[in-house]
Protein chains: 4
Amino acid sequence: MPDVVFSVDQSRSMRDQAAPGHNRWHPDIPAVATVPPDTSIRIECREWTDGQILNSDTAKDVRDVDLSVAHMLSGPVAVEGAEPGDLLVVDILDLGPVPQTRGEAPGEGWGYTGIFAKENGGGFLTEEYPQACKAVWDFRGQVATSRHLPGVRFTGITHPGLFGTAPSHDLLAKWNERERALIATDPGRVPPLALPPLEQGVLAGTLGGSDLERVGREGARTVPARENGGNHDIKNFSRGSRVLYPVHVPGAKLSGGDLHFSQGDGEITFCGAIEMGGFIDMHVDLIKDGMSKYAVSTNPIFMPGNVEPRYTEFLSFIGISVDHKTNENHYNDATLAYRNACLNAVEYLKQFGYSGEQAYLILGSAPIEGRVSGVVDIPNACCSLYLPTAIFDFDIKPNAEGPRRADRGRCAVAQ
Amino acid sequence: MPDVVFSVDQSRSMRDQAAPGHNRWHPDIPAVATVPPDTSIRIECREWTDGQILNSDTAKDVRDVDLSVAHMLSGPVAVEGAEPGDLLVVDILDLGPVPQTRGEAPGEGWGYTGIFAKENGGGFLTEEYPQACKAVWDFRGQVATSRHLPGVRFTGITHPGLFGTAPSHDLLAKWNERERALIATDPGRVPPLALPPLEQGVLAGTLGGSDLERVGREGARTVPARENGGNHDIKNFSRGSRVLYPVHVPGAKLSGGDLHFSQGDGEITFCGAIEMGGFIDMHVDLIKDGMSKYAVSTNPIFMPGNVEPRYTEFLSFIGISVDHKTNENHYNDATLAYRNACLNAVEYLKQFGYSGEQAYLILGSAPIEGRVSGVVDIPNACCSLYLPTAIFDFDIKPNAEGPRRADRGRCAVAQ
Amino acid sequence: MPDVVFSVDQSRSMRDQAAPGHNRWHPDIPAVATVPPDTSIRIECREWTDGQILNSDTAKDVRDVDLSVAHMLSGPVAVEGAEPGDLLVVDILDLGPVPQTRGEAPGEGWGYTGIFAKENGGGFLTEEYPQACKAVWDFRGQVATSRHLPGVRFTGITHPGLFGTAPSHDLLAKWNERERALIATDPGRVPPLALPPLEQGVLAGTLGGSDLERVGREGARTVPARENGGNHDIKNFSRGSRVLYPVHVPGAKLSGGDLHFSQGDGEITFCGAIEMGGFIDMHVDLIKDGMSKYAVSTNPIFMPGNVEPRYTEFLSFIGISVDHKTNENHYNDATLAYRNACLNAVEYLKQFGYSGEQAYLILGSAPIEGRVSGVVDIPNACCSLYLPTAIFDFDIKPNAEGPRRADRGRCAVAQ
Amino acid sequence: MPDVVFSVDQSRSMRDQAAPGHNRWHPDIPAVATVPPDTSIRIECREWTDGQILNSDTAKDVRDVDLSVAHMLSGPVAVEGAEPGDLLVVDILDLGPVPQTRGEAPGEGWGYTGIFAKENGGGFLTEEYPQACKAVWDFRGQVATSRHLPGVRFTGITHPGLFGTAPSHDLLAKWNERERALIATDPGRVPPLALPPLEQGVLAGTLGGSDLERVGREGARTVPARENGGNHDIKNFSRGSRVLYPVHVPGAKLSGGDLHFSQGDGEITFCGAIEMGGFIDMHVDLIKDGMSKYAVSTNPIFMPGNVEPRYTEFLSFIGISVDHKTNENHYNDATLAYRNACLNAVEYLKQFGYSGEQAYLILGSAPIEGRVSGVVDIPNACCSLYLPTAIFDFDIKPNAEGPRRADRGRCAVAQ
């Protein structure tokens with residue numbers, strides 16, 4: 001077990017830790033630790049909302065969640081000698097939920113998947129499923145099951161949703177500029193097009209006073225992935241993977257969290273992963289001048305590990321970039337194509353007795369694969385969604401008799 | 001070997017076959033054969049442009065290709081008892097290039113990948129790579145190599161780019177309506193937003209005269225995937241896969257072709273697969289009333305086979321929905337995110353000595369995976385591209401020394 | 001499709017082909033064709049008994065089979081420039097049953113698995129299952145099913161059971177010497193310990209008269225694997241694999257056949273594979289002086305392909321080197337350990353309604369894996385057998401309720 | 001993290017723990033804990049020799065190891081309600097080395113692979129490699145590297161070498177009887193044919209005095225696998241696997257240890273795995289009367305997990321049951337066949353610069369697969385060994401140029 005460079009007491013808020021983390025991207029947030037290259041470290045993490053969601057059978061907590069405090073990140077950890085232009089090589093050695101499994105915090109033996117309300121977060125299918133819902137999952141080893149989703153059981157593809165290096169001031173200014181321009185195209189939209197800096201709820205390590213206010217005014221929200229890495233939500237950042245992050249500031253300043261016990265490609269319910277607190281063990285190293293050597297200018301590159309959960313039989317759904325309700329054709333829109341693939345999968349699973357919300361929660365959390373299948377056959381982008389059949393304890397394959405409908409219980413709702 | 005229900009003489013155009021195929025979707029194109037359910041059949045196919053592209057070292061043929069004749073499809077084959085609302089169950093038993101390997105037609109021991117010119121077809125990176133280029137591939141068993149892309153060698157994930165059932169008149173009208181509406185938003189665009197019906201070059205089996213003219217006026221172009229299946233370009237429709245097509249007309253009227261020796265997700269150069277003529281063996285059967293039973297309303301569902309080429313080590317590239325040149329942020333645009341992932345991969349491969357065009361051709365044809373990683377982390381969609389490292393005969397993994405640049409030859413260009 | 005260098009008319013015996021093959025190993029059997037290195041070739045093959053087994057519901061044919069004529073091999077094919085000490089590099093490009101699927105010969109749309117009678121061939125479990133039995137399999141693409149084994153369906157791992165180079169006279173003498181010595185330790189054993197040269201039934205290409213008699217007197221029987229390759233029955237010599245054979249005579253003289261639609265590790269029923277006639281496409285090349293370069297002195301080396309059928313869930317059985325009936329302990333005997341693992345698997349499958357013979361036939365033909373798990377934990381060798389659960393259309397996993405017993409039909413028997 | 005039911009202080013001998021374990025199989029060893037069915041538990045384990053081997057560059061410790069104290073097992077743990085005839089269902093949730101990585105005990109950040117001296121333990125190739133040797137491995141996440149084996153790096157397939165239930169008195173008597181009979185056939189053999197009960201070094205939990213002496217006189221040594229499970233050394237008992245053990249005494253009395261960071265099939269150097277102390281998390285449950293329901297009479301059955309390290313390219317070696325030095329033919333001897341496959345692999349690796357001992361150590365510890373390929377082709381059993389090529393940082397595939405020989409360092413030896 002590597003040395004712990006960021007420790008968390010899961011019974012307390014991130015604000016009340018001995019060394020608190022942060023929830024905005026800003027170069028001025030001070031490093032909590034500095035390590036030399038070629039070092040293994042352990043980082044402990046809070047669940048991304050800082051523990052607002054409970055192990056319960058109502059989704060009121062999801063409906064009313066305060067998103068101004070998210071994502072609660074651990075770090076930053078500085079790496080000696082790292083300079084802008086380097087690549088920070090991060091090997092994900094191990095990660096998992098909180099070792100103590102009996103507590104009340106997410107990650108202590110359980111996690112959850114949420115559908116966020118359209119008015120408070122939204123999600124990929126928010127037009128179809130605008131109400132807050134939740135499924136609570138129990139962990140046994142690498143396997144997850146949920147009382148809210150009977151009949152489903154899978155090996156989680158455990159990964160951090162969010163890690164990244166600190167942006168430089170210039171890069172941060174670029175982000176704020178382009179995101180503000182986007183918001184300005186439809187400022188009243190629900191859900192919003194993007195999230196601007198927000199002073200409410202800001203946490204920036206030990207910073208306080210005017211420094212903290214400045215981070216609140218300038219600091220980038222943590223929701224999207226950007227040039228520093230960030231909230232990739234790439235399920236394949238699992239054990240054994242290697243990620244090479246661009247370095248934008250001296251010391252690199254690596255931060256992260258948002259651990260996921262599992263997730264499907266797309267993380268479609270927004271909070272679509274199985275969310276938890278926990279730990280992550282990493283080895284950090286540097287490729288000096290790596291950005292130039294390998295022409296890495298905008299986003300990290302990575303190599304998945306070789307111990308991802310293995311499935312071989314999939315039922316797959318296709319979507320194209322047509323709005324089938326209105327018969328409107330969008331031009332080569334992979335987002336719409338994938339949304340249609342998801343909707344097709346939801347409708348299919350409903351034939352077996354799941355509610356639409358349950359199906360949506362399954363697709364968000366199980367190790368499904370989302371593929372960009374065709375993006376040149378104008379006007380229709382074509383995406384596909386691969387659902388492993390083995391995660392169900394009944395046969396979901398189509399046959400001449402038709403689906404075996406049964407009572408599949410219910411997920412937690414907000415009423 | 002199943003009975004051949006559609007045979008092709010590869011030395012002749014599809015127009016000059018004993019029983020010609022077709023190149024538009026229309027319910028009135030007569031079936032060339034009728035088979036009972038639970039039957040195995042062989043269908044022989046022409047390469048999609050009907051043999052316009054040569055085994056040569058110039059891309060002038062690609063630049064000047066006549067796309068009005070594409071895709072040249074084999075069929076339709078009617079299935080007894082099929083009625084609208086059924087699912088047509090197609091098992092892909094086997095497929096491959098033309099058995100005779102010494103001829104001049106694509107598929108006779110060789111195939112090609114083309115970058116289409118922006119003015120004539122375009123492609124996914126057409127803004128960056130607007131000139132026609134080509135790579136010719138040689139086949140040995142399931143393995144492909146190209147004199148235009150030295151250092152690359154892989155097992156093809158062989159599949160048909162395009163199969164589908166005939167649309168009903170109503171469905172066809174819906175398509176024409178929505179695609180015309182899209183075109184109308186920017187009628188002069190190069191490349192165009194969509195392709196309207198076109199009388200030039202039309203082929204409709206044995207139809208002639210006014211019937212043929214009508215198919216030319218009304219028949220849907222074969223480029224996009226639609227509710228009948230169509231040009232999915234899903235690389236996983238390989239040996240052992242099962243596809244369940246919606247049936248829209250009596251007899252289902254299955255047609256297809258556009259065989260690919262291999263392709264990467266997205267088929268990004270447009271003609272990004274390794275294109276060839278060849279054969280496909282299928283078993284066809286019906287699930288009566290399957291569309292309703294399984295809520296399949298818009299697109300086929302499918303199950304990949306278990307003999308796809310297997311790779312375990314990947315180098316992966318990430319893209320987000322930002323135009324990095326202009327610093328413009330697009331909202332949750334997975335198409336742009338995947339384009340950026342592709343561009344990032346191209347830049348990376350250029351460090352090893354490939355030209356951008358060569359890299360683009362590799363990504364189009366090799367069994368890369370394109371994943372929709374995150375589509376909820378507003379405003380940035382996040383897509384990723386998985387490049388199997390084993391397809392290169394040198395090490396492409398990043399390390400402290402930097403890339404081993406070498407002379408990687410050149411692809412065919414149009415000059 | 002490569003040039004056919006050895007063609008077979010499946011309606012005739014190997015003896016009656018235009019260019020007959022052979023059924024003994026001997027350096028003097030003349031080559032039927034000579035090809036340069038770096039050449040792709042097609043070889044057509046008869047089923048190994050030369051067509052004695054029928055597509056029928058009795059196993060009398062298996063019981064009474066004339067084994068003096070086996071294995072009927074195609075070849076030899078000489079490679080220009082090959083000299084003793086070289087490695088012959090054989091890439092298996094493609095292989096399969098006879099393309100014409102409607103004939104009566106094995107391979108023409110069907111194949112079989114046989115349990116040989118103890119008195120005529122025997123098998124791995126011949127003490128427990130001494131009677132001849134048979135299962136006939138139908139092929140659809142790469143998938144096999146059997147009317148004699150309902151509930152089972154799998155993708156075959158198609159491969160040649162037997163290929164090899166010709167032995168030198170010295171090597172042949174070595175084989176005869178050691179095998180005669182072994183036989184002499186128990187000459188009357190049933191089944192015999194080894195098979196000595198046998199003039200009855202001998203075929204040696206176009207040789208006749210005293211030459212043929214000499215081959216009959218001296219030629220090694222084809223049953224075992226030896227230093228030339230030979231009857232490996234390694235199921236992983238499938239599409240895409242590469243085998244490097246030692247060269248013992250000028251020209252290498254490659255021969256083979258005994259094509260298997262599928263087989264489990266061990267080929268435990270002796271004729272445990274799914275036997276068929278068919279074709280195999282190979283690419284041949286040379287590594288000059290390869291035996292010395294790579295220290296290959298006794299057996300070929302090989303690399304499996306990357307398109308083997310993929311299964312991920314297995315039920316596994318263990319055996320140790322104890323005779324459990326007599327409580328006799330054998331020292332580190334992996335053969336006995338694997339036999340016990342097989343017997344344990346048979347008993348397990350019987351709980352679901354299969355007869356022991358049916359279970360034995362399944363384990364011989366399905367893509368099971370047999371592993372040498374521990375061979376140092378004295379006195380007990382430990383082997384294990386991995387049975388893919390997905391080949392059954394019912395759930396064979398153990399659970400608290402116990403196995404779901406059902407009528408599983410019956411295999412062909414000899415009465 | 002489940003409750004710890006057996007804890008270990010790695011700085012002390014198993015004898016000096018608060019609740020010591022045991023090193024013989026005997027029904028009278030008292031349970032250290034009792035848990036209900038459907039419970040998750042953590043068991044901490046000492047390395048199998050109780051810490052005699054050091055992180056050093058000499059193999060004197062291996063040469064002189066006291067094997068009378070091995071294997072040091074943790075347990076027994078009783079399961080409420082378990083009765084003879086039941087199956088004990090053990091899910092391996094997680095396992096790994098000692099969490100604290102800086103200590104001196106094996107498992108604290110490092111492990112070792114040993115070749116045992118012929119006079120003290122021996123191994124699979126002990127005739128060829130009779131001297132004690134050692135390689136020390138360093139762990140980083142799931143990856144192992146060794147300063148004694150430069151150029152090698154792999155993801156470990158971590159598993160317990162040894163778990164089992166307690167034998168009944170009758171079963172124990174059966175073991176002693178058959179093993180004594182075997183020893184009696186060659187009592188002076190070096191290494192011995194089997195290990196009889198031995199009072200020296202015995203440990204039986206809290207038992208002392210005459211009880212302990214009785215266990216010493218009667219208790220079965222832990223080296224072989226038997227009807228209770230035991231020292232299977234099956235590398236696939238890794239994370240996510242399920243093992244179903246026969247129950248022979250009330251409470252089942254599960255014990256185990258001998259954790260391996262990795263191992264190849266066969267564990268050919270005897271101490272061929274990467275040996276370590278550590279922890280294992282298990283979930284235990286019962287199938288009442290499961291032995292009869294599923295005809296499990298002699299050995300456990302199991303299901304491997306779906307997160308085993310994944311390799312797709314292998315170089316494979318073949319062996320047959322011939323003693324090539326003496327040209328003696330053994331009848332269908334899979335042990336000899338696998339030994340020859342191992343020797344062939346060793347000779348191959350030597351061409352690249354490794355010593356024979358280094359190659360032997362690699363094959364013992366890396367995730368190689370050992371297959372029983374053919375055991376019916378009399379007289380020659382045929383086994384094969386699959387070596388994943390990706391574990392080397394240079395190319396080990398054969399080519400026309402020949403192997404790239406280099407200085408590959410040296411392993412620890414006993415001088």
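1. A definition to start with: two residues are in contact if their C-beta atoms, placed from the backbone, lie within 7 Å. Please keep in mind that this is a predicted model, where local features need pLDDT of at least 70, side-chain atom pairs count only at pLDDT 80 or more, and totals for chains, interfaces and linings use all residues. Residues are numbered from 1 along each chain as its sequence is written, while chains are lettered from A and ligands numbered from 1 in the order in which they are written.

2. On chains D and B: 5 residues from chain D meet 5 residues from chain B. The chain D side consists of 2 nonpolar residues, 1 polar and 2 charged (Ala, Val, Leu, Ile, Met, Phe, Trp, Tyr, Cys and Pro count as nonpolar, Asp, Glu, Lys and Arg as charged, and the others, Gly among them, as polar). Since 100% of the interface residues of chain D are also interface residues in chain B, the copies meet through the same surface.

3. Now to chain A, with domain 1 (3-303) and domain 2 (314-413), bounds that come from an automatic or database domain assignment. Taken over C-alpha atoms, the centres of the two domains are 27 Å apart. Contacts join 34 residues of domain 1 of chain A to 28 residues of domain 2 of chain A.
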